[in-house]
Amino acid sequence: MTTQLTIHERILGLLLGGAVGDAIGLPAEGMSAERITRWWPGELKHRFVFGHGMISDDTEHATMTSQALIVSAGDVEKFRHSLAWKLRWWFLGLPAGVGLATARACMRLWLGVSPERSGVHSAGNGPAMRSAVIGAVFTDNEAQRREFVRASTRLTHTDPRAETAALAVAEAAAWIVRGDSHKQFQAKLLALSEDGEWLHACKLLVDGLNSGQSVKQFAEVLGLKSAVTGYAFHTVPVALFAWLHHRGNYRDIIQSVIQCGGDTDTTAAIAGSLAGCDAGCAGIPNAWLDNLKDWPRSKNWIGHVAHRLVSRDVKRPVCFFWSGIIPRNLFFLATVLVHGLRRMLPPY
(Lines give C-alpha, C1' and ligand atoms only; values in the text may rest on other atoms or scores of the structure.)
Protein backbone atom coordinates (compact mmCIF):
# COMPACT_ATOMS: atom_id res chain seq x y z
CA MET A 1 0.00 0.00 0.00
CA THR A 2 1.00 3.62 -0.50
CA THR A 3 2.89 5.06 2.46
CA GLN A 4 2.55 8.66 3.63
CA LEU A 5 5.43 10.48 1.99
CA THR A 6 6.02 14.08 0.96
CA ILE A 7 6.04 14.91 -2.73
CA HIS A 8 9.79 15.52 -2.46
CA GLU A 9 10.33 12.04 -1.03
CA ARG A 10 8.20 10.54 -3.80
CA ILE A 11 10.00 12.32 -6.64
CA LEU A 12 13.41 11.53 -5.16
CA GLY A 13 12.36 7.90 -4.79
CA LEU A 14 11.03 7.92 -8.36
CA LEU A 15 14.26 9.24 -9.87
CA LEU A 16 16.62 7.12 -7.77
CA GLY A 17 14.37 4.07 -8.03
CA GLY A 18 14.48 4.36 -11.80
CA ALA A 19 18.24 4.89 -11.77
CA VAL A 20 18.91 1.81 -9.62
CA GLY A 21 16.59 -0.35 -11.74
CA ASP A 22 18.30 0.93 -14.88
CA ALA A 23 21.77 0.14 -13.50
CA ILE A 24 20.83 -3.30 -12.14
CA GLY A 25 19.14 -4.28 -15.40
CA LEU A 26 21.80 -2.91 -17.75
CA PRO A 27 24.27 -5.85 -17.74
CA ALA A 28 21.47 -8.24 -18.74
CA GLU A 29 20.08 -6.10 -21.57
CA GLY A 30 19.40 -8.09 -24.71
CA MET A 31 19.83 -11.48 -23.06
CA SER A 32 17.14 -14.15 -23.03
CA ALA A 33 15.38 -15.07 -19.82
CA GLU A 34 16.96 -18.52 -19.85
CA ARG A 35 20.49 -17.22 -20.32
CA ILE A 36 20.12 -14.66 -17.55
CA THR A 37 19.11 -17.47 -15.19
CA ARG A 38 22.17 -19.51 -16.19
CA TRP A 39 24.56 -16.57 -15.89
CA TRP A 40 23.35 -15.12 -12.60
CA PRO A 41 21.52 -17.78 -10.55
CA GLY A 42 22.39 -16.16 -7.23
CA GLU A 43 21.62 -12.87 -5.56
CA LEU A 44 20.68 -9.94 -7.76
CA LYS A 45 23.24 -7.13 -7.52
CA HIS A 46 25.16 -4.57 -9.54
CA ARG A 47 27.37 -6.26 -12.12
CA PHE A 48 28.28 -3.53 -14.60
CA VAL A 49 31.73 -2.51 -13.29
CA PHE A 50 33.28 -4.63 -10.52
CA GLY A 51 30.16 -4.79 -8.39
CA HIS A 52 29.03 -1.26 -9.15
CA GLY A 53 26.34 0.12 -11.44
CA MET A 54 26.08 2.97 -13.94
CA ILE A 55 23.01 4.58 -15.46
CA SER A 56 22.03 4.45 -19.12
CA ASP A 57 19.78 6.51 -21.38
CA ASP A 58 16.68 5.62 -19.33
CA THR A 59 17.83 7.64 -16.33
CA GLU A 60 19.34 10.34 -18.50
CA HIS A 61 15.98 10.89 -20.19
CA ALA A 62 14.16 10.97 -16.84
CA THR A 63 16.53 13.60 -15.47
CA MET A 64 16.45 15.67 -18.68
CA THR A 65 12.67 15.70 -18.41
CA SER A 66 12.92 16.75 -14.77
CA GLN A 67 15.25 19.60 -15.68
CA ALA A 68 12.88 20.75 -18.44
CA LEU A 69 9.97 20.64 -15.98
CA ILE A 70 11.95 22.86 -13.59
CA VAL A 71 12.55 25.46 -16.29
CA SER A 72 9.00 25.32 -17.66
CA ALA A 73 7.21 26.39 -14.46
CA GLY A 74 4.08 24.75 -15.89
CA ASP A 75 4.37 26.22 -19.41
CA VAL A 76 4.28 23.41 -21.97
CA GLU A 77 5.98 25.47 -24.70
CA LYS A 78 8.90 26.27 -22.40
CA PHE A 79 9.03 22.58 -21.48
CA ARG A 80 9.10 21.46 -25.12
CA HIS A 81 11.78 23.99 -26.04
CA SER A 82 13.96 23.11 -23.03
CA LEU A 83 13.68 19.33 -23.49
CA ALA A 84 14.43 19.66 -27.21
CA TRP A 85 17.70 21.46 -26.46
CA LYS A 86 18.61 18.96 -23.77
CA LEU A 87 18.07 16.12 -26.24
CA ARG A 88 20.23 17.89 -28.83
CA TRP A 89 23.18 18.31 -26.46
CA TRP A 90 22.69 14.87 -24.94
CA PHE A 91 22.98 13.34 -28.42
CA LEU A 92 26.24 15.20 -29.07
CA GLY A 93 27.65 13.60 -25.91
CA LEU A 94 27.86 10.22 -27.74
CA PRO A 95 25.45 8.28 -25.51
CA ALA A 96 25.79 4.52 -25.84
CA GLY A 97 22.69 2.52 -26.68
CA VAL A 98 20.55 5.40 -27.93
CA GLY A 99 17.43 4.08 -29.67
CA LEU A 100 17.22 4.47 -33.43
CA ALA A 101 14.05 6.56 -33.32
CA THR A 102 15.47 8.89 -30.68
CA ALA A 103 18.72 9.23 -32.62
CA ARG A 104 16.84 10.13 -35.81
CA ALA A 105 14.71 12.65 -33.93
CA CYS A 106 17.81 14.27 -32.38
CA MET A 107 19.42 14.57 -35.80
CA ARG A 108 16.25 16.17 -37.14
CA LEU A 109 16.34 18.67 -34.27
CA TRP A 110 19.93 19.59 -35.12
CA LEU A 111 18.97 19.98 -38.79
CA GLY A 112 16.46 22.66 -37.80
CA VAL A 113 13.23 20.67 -37.70
CA SER A 114 10.95 22.20 -35.07
CA PRO A 115 10.28 20.28 -31.83
CA GLU A 116 6.63 20.00 -32.89
CA ARG A 117 7.68 18.00 -35.99
CA SER A 118 10.95 16.33 -35.01
CA GLY A 119 9.48 12.97 -33.98
CA VAL A 120 9.61 9.87 -36.17
CA HIS A 121 7.07 7.08 -36.53
CA SER A 122 8.06 4.59 -33.85
CA ALA A 123 6.43 2.83 -30.90
CA GLY A 124 9.66 2.48 -28.94
CA ASN A 125 10.24 3.09 -25.24
CA GLY A 126 11.83 6.55 -25.27
CA PRO A 127 8.72 8.48 -24.21
CA ALA A 128 7.85 5.95 -21.48
CA MET A 129 11.34 6.45 -20.00
CA ARG A 130 10.53 10.12 -19.50
CA SER A 131 6.92 10.16 -18.37
CA ALA A 132 6.77 8.92 -14.76
CA VAL A 133 8.10 12.20 -13.38
CA ILE A 134 5.50 14.13 -15.40
CA GLY A 135 2.75 12.15 -13.72
CA ALA A 136 4.21 12.75 -10.26
CA VAL A 137 4.47 16.51 -10.87
CA PHE A 138 1.00 17.00 -12.37
CA THR A 139 -0.79 14.66 -10.00
CA ASP A 140 -4.09 16.54 -9.79
CA ASN A 141 -4.25 17.98 -13.30
CA GLU A 142 -5.08 15.38 -15.94
CA ALA A 143 -5.12 17.92 -18.77
CA GLN A 144 -1.58 19.05 -17.97
CA ARG A 145 -0.36 15.45 -17.60
CA ARG A 146 -1.63 14.62 -21.05
CA GLU A 147 -0.34 17.86 -22.57
CA PHE A 148 3.18 17.45 -21.18
CA VAL A 149 3.36 13.72 -21.99
CA ARG A 150 2.22 14.51 -25.53
CA ALA A 151 4.88 17.22 -25.89
CA SER A 152 7.60 14.92 -24.55
CA THR A 153 6.51 11.99 -26.70
CA ARG A 154 6.20 13.80 -30.01
CA LEU A 155 9.68 15.27 -29.75
CA THR A 156 10.96 11.82 -30.67
CA HIS A 157 8.05 9.44 -31.41
CA THR A 158 4.85 10.05 -33.37
CA ASP A 159 3.28 6.59 -33.18
CA PRO A 160 0.14 6.86 -30.98
CA ARG A 161 1.14 3.63 -29.25
CA ALA A 162 4.27 5.29 -27.84
CA GLU A 163 2.11 8.08 -26.43
CA THR A 164 -0.41 5.66 -24.92
CA ALA A 165 2.34 3.71 -23.17
CA ALA A 166 3.95 6.92 -21.88
CA LEU A 167 0.60 8.13 -20.59
CA ALA A 168 0.10 4.83 -18.78
CA VAL A 169 3.36 5.31 -16.86
CA ALA A 170 2.47 8.93 -16.05
CA GLU A 171 -0.99 7.90 -14.86
CA ALA A 172 0.54 5.21 -12.64
CA ALA A 173 2.83 7.76 -10.94
CA ALA A 174 -0.05 10.20 -10.49
CA TRP A 175 -2.22 7.41 -9.06
CA ILE A 176 0.47 6.53 -6.52
CA VAL A 177 0.69 10.10 -5.24
CA ARG A 178 -3.10 10.52 -5.07
CA GLY A 179 -3.67 7.14 -3.41
CA ASP A 180 -6.71 6.24 -5.51
CA SER A 181 -8.25 2.75 -5.65
CA HIS A 182 -7.10 -0.08 -7.90
CA LYS A 183 -10.37 -0.01 -9.81
CA GLN A 184 -9.87 3.66 -10.64
CA PHE A 185 -6.40 2.94 -12.01
CA GLN A 186 -7.59 -0.02 -14.07
CA ALA A 187 -10.36 2.12 -15.54
CA LYS A 188 -7.83 4.85 -16.34
CA LEU A 189 -5.60 2.40 -18.19
CA LEU A 190 -8.50 1.18 -20.33
CA ALA A 191 -9.56 4.74 -21.11
CA LEU A 192 -6.16 5.78 -22.46
CA SER A 193 -6.71 4.35 -25.93
CA GLU A 194 -9.19 2.49 -28.09
CA ASP A 195 -6.36 0.54 -29.70
CA GLY A 196 -7.35 -3.13 -29.66
CA GLU A 197 -3.86 -4.33 -28.79
CA TRP A 198 -3.68 -1.96 -25.81
CA LEU A 199 -7.12 -2.98 -24.53
CA HIS A 200 -6.15 -6.65 -24.85
CA ALA A 201 -2.91 -6.08 -22.91
CA CYS A 202 -4.84 -4.27 -20.18
CA LYS A 203 -7.35 -7.12 -19.92
CA LEU A 204 -4.52 -9.64 -19.65
CA LEU A 205 -2.90 -7.49 -16.97
CA VAL A 206 -6.06 -7.33 -14.85
CA ASP A 207 -6.81 -11.03 -15.34
CA GLY A 208 -3.23 -11.96 -14.48
CA LEU A 209 -3.26 -9.94 -11.27
CA ASN A 210 -6.58 -11.43 -10.23
CA SER A 211 -5.45 -15.00 -10.94
CA GLY A 212 -2.07 -14.63 -9.22
CA GLN A 213 0.13 -15.07 -12.29
CA SER A 214 3.84 -14.47 -11.85
CA VAL A 215 5.49 -11.70 -13.86
CA LYS A 216 7.19 -14.30 -16.06
CA GLN A 217 3.86 -16.01 -16.72
CA PHE A 218 2.28 -12.68 -17.64
CA ALA A 219 5.10 -11.96 -20.07
CA GLU A 220 4.58 -15.36 -21.65
CA VAL A 221 0.84 -14.68 -22.05
CA LEU A 222 1.82 -11.50 -23.92
CA GLY A 223 3.90 -13.69 -26.24
CA LEU A 224 7.24 -12.77 -24.64
CA LYS A 225 8.51 -16.17 -23.58
CA SER A 226 12.21 -15.49 -24.07
CA ALA A 227 12.51 -11.72 -23.78
CA VAL A 228 10.63 -8.45 -23.41
CA THR A 229 11.12 -6.40 -26.55
CA GLY A 230 11.69 -2.66 -26.88
CA TYR A 231 8.15 -2.21 -28.17
CA ALA A 232 6.21 0.07 -25.81
CA PHE A 233 3.14 -2.19 -25.72
CA HIS A 234 5.40 -4.98 -24.45
CA THR A 235 7.71 -3.15 -22.06
CA VAL A 236 5.17 -0.96 -20.27
CA PRO A 237 2.56 -3.67 -19.50
CA VAL A 238 5.28 -5.94 -18.08
CA ALA A 239 6.68 -3.10 -15.95
CA LEU A 240 3.20 -2.17 -14.70
CA PHE A 241 2.35 -5.79 -13.93
CA ALA A 242 5.57 -6.34 -11.96
CA TRP A 243 5.05 -3.18 -9.93
CA LEU A 244 1.43 -4.05 -9.08
CA HIS A 245 2.10 -7.76 -8.48
CA HIS A 246 4.98 -7.14 -6.05
CA ARG A 247 3.81 -3.73 -4.87
CA GLY A 248 5.77 -2.58 -1.85
CA ASN A 249 8.76 -4.88 -2.50
CA TYR A 250 11.28 -3.03 -4.66
CA ARG A 251 13.74 -5.94 -4.81
CA ASP A 252 11.13 -8.42 -6.06
CA ILE A 253 9.81 -5.93 -8.62
CA ILE A 254 13.23 -5.43 -10.17
CA GLN A 255 14.21 -9.09 -10.00
CA SER A 256 10.97 -10.21 -11.63
CA VAL A 257 11.31 -7.95 -14.68
CA ILE A 258 14.99 -8.78 -15.19
CA GLN A 259 14.15 -12.48 -15.09
CA CYS A 260 11.92 -11.89 -18.14
CA GLY A 261 14.98 -10.95 -20.25
CA GLY A 262 15.21 -8.58 -23.19
CA ASP A 263 15.08 -4.83 -22.62
CA THR A 264 15.90 -5.31 -18.96
CA ASP A 265 17.32 -1.86 -18.22
CA THR A 266 14.27 0.00 -19.52
CA THR A 267 11.73 -2.38 -17.99
CA ALA A 268 13.51 -2.22 -14.63
CA ALA A 269 13.89 1.57 -14.87
CA ILE A 270 10.14 2.09 -15.44
CA ALA A 271 9.11 -0.42 -12.79
CA GLY A 272 11.76 0.94 -10.42
CA SER A 273 10.52 4.50 -10.89
CA LEU A 274 7.02 3.51 -9.85
CA ALA A 275 8.27 1.38 -6.95
CA GLY A 276 10.47 4.26 -5.79
CA CYS A 277 7.60 6.70 -6.02
CA ASP A 278 5.53 4.27 -3.93
CA ALA A 279 8.02 3.66 -1.13
CA GLY A 280 10.60 6.44 -1.38
CA CYS A 281 14.34 5.83 -1.09
CA ALA A 282 13.79 3.78 2.07
CA GLY A 283 12.25 1.04 -0.08
CA ILE A 284 15.36 0.66 -2.25
CA PRO A 285 17.88 -1.90 -0.93
CA ASN A 286 20.78 -0.01 0.66
CA ALA A 287 23.46 -2.01 -1.15
CA TRP A 288 21.86 -1.30 -4.52
CA LEU A 289 21.66 2.41 -3.81
CA ASP A 290 25.16 2.63 -2.29
CA ASN A 291 26.79 0.80 -5.21
CA LEU A 292 25.24 3.00 -7.87
CA LYS A 293 28.36 4.90 -8.92
CA ASP A 294 28.20 7.38 -11.76
CA TRP A 295 29.52 10.79 -12.66
CA PRO A 296 28.83 13.60 -13.45
CA ARG A 297 25.15 12.63 -13.13
CA SER A 298 25.68 11.29 -9.62
CA LYS A 299 23.21 10.25 -6.93
CA ASN A 300 23.79 13.59 -5.19
CA TRP A 301 23.11 15.46 -8.41
CA ILE A 302 19.85 13.53 -8.91
CA GLY A 303 18.93 14.47 -5.34
CA HIS A 304 19.45 18.15 -6.15
CA VAL A 305 17.27 17.78 -9.26
CA ALA A 306 14.46 16.27 -7.17
CA HIS A 307 14.72 19.08 -4.63
CA ARG A 308 14.72 21.79 -7.31
CA LEU A 309 11.74 20.18 -9.04
CA VAL A 310 9.51 20.61 -5.99
CA SER A 311 10.88 24.04 -5.09
CA ARG A 312 8.58 26.94 -5.93
CA ASP A 313 11.31 29.55 -5.80
CA VAL A 314 14.12 28.44 -8.14
CA LYS A 315 13.34 27.71 -11.79
CA ARG A 316 16.85 27.10 -13.07
CA PRO A 317 18.18 23.64 -13.98
CA VAL A 318 20.73 21.96 -11.74
CA CYS A 319 24.18 22.25 -13.32
CA PHE A 320 26.74 19.48 -13.58
CA PHE A 321 30.24 19.11 -15.05
CA TRP A 322 29.43 19.04 -18.77
CA SER A 323 33.06 18.49 -19.79
CA GLY A 324 32.98 15.13 -18.07
CA ILE A 325 30.22 13.71 -20.24
CA ILE A 326 32.25 12.53 -23.25
CA PRO A 327 35.04 10.81 -21.27
CA ARG A 328 32.40 9.24 -19.06
CA ASN A 329 30.45 8.03 -22.09
CA LEU A 330 33.59 6.62 -23.72
CA PHE A 331 34.33 4.65 -20.56
CA PHE A 332 30.70 3.50 -20.46
CA LEU A 333 30.85 2.39 -24.12
CA ALA A 334 34.10 0.48 -23.54
CA THR A 335 32.49 -1.34 -20.61
CA VAL A 336 29.44 -2.20 -22.71
CA LEU A 337 31.75 -3.65 -25.38
CA VAL A 338 33.52 -5.78 -22.77
CA HIS A 339 30.15 -7.15 -21.68
CA GLY A 340 29.32 -7.84 -25.32
CA LEU A 341 32.55 -9.79 -25.84
CA ARG A 342 31.96 -11.74 -22.65
CA ARG A 343 28.57 -12.86 -23.97
CA MET A 344 30.30 -14.66 -26.80
CA LEU A 345 31.55 -17.17 -24.21
CA PRO A 346 29.56 -19.83 -22.32
CA PRO A 347 27.24 -20.45 -20.58
CA TYR A 348 24.93 -20.10 -23.59
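Q: Which residues is Val 238 in contact with, leaving aside its neighbours within four places in sequence?
A: This is a predicted model, where local features need pLDDT of at least 70, side-chain atom pairs count only at pLDDT 80 or more, and totals for chains, interfaces and linings use all residues. Residues are numbered from 1 along each chain as its sequence is written, and side-chain values use heavy atoms, with hydrogens and water left out. Taking contact as heavy atoms within 4.5 Å, Val 238 touches Val 215, Phe 218, Ala 219, Leu 222, Leu 224, Val 228, Val 257, Cys 260 and Thr 267.

Q: How are helix α14 and helix α15 oriented to each other?
A: Helices here are DSSP runs (H or I, at least four residues), numbered from the N terminus. The axes, lines fitted to C-alpha atoms over the stretch in contact, with angles from 0 to 180 degrees between N-to-C directions, come within 9 Å and cross at roughly 160° for α14 (residues 250-258) and α15 (residues 264-279). Angles over 145 degrees count as roughly antiparallel, so α14 and α15 are roughly antiparallel.

Q: What is the make-up by class of the contact of α14 with α15?
A: On the α14 side sit Tyr 250, Ile 253, Ile 254, Val 257 and Ile 258. Facing them from α15 are residues including Thr 264, Ala 268 and Gly 272. With Ala, Val, Leu, Ile, Met, Phe, Trp, Tyr, Cys and Pro as nonpolar, Asp, Glu, Lys and Arg as charged, and the others, Gly among them, as polar, the tally is 8 nonpolar, 4 polar and no charged residues.

Q: How are α4 and α5 oriented to each other?
A: The axes of α4 (residues 76-92) and α5 (residues 100-110) cross at roughly 110°. Angles of 65 to 115 degrees count as roughly perpendicular, so α4 and α5 are roughly perpendicular.

Definitions and conventions:
Helices (H or I, at least four residues) and strands (E, at least two) are DSSP runs, numbered from the N terminus. Angles under 35 degrees count as roughly parallel, over 145 as roughly antiparallel, 65 to 115 as roughly perpendicular and the rest as oblique.
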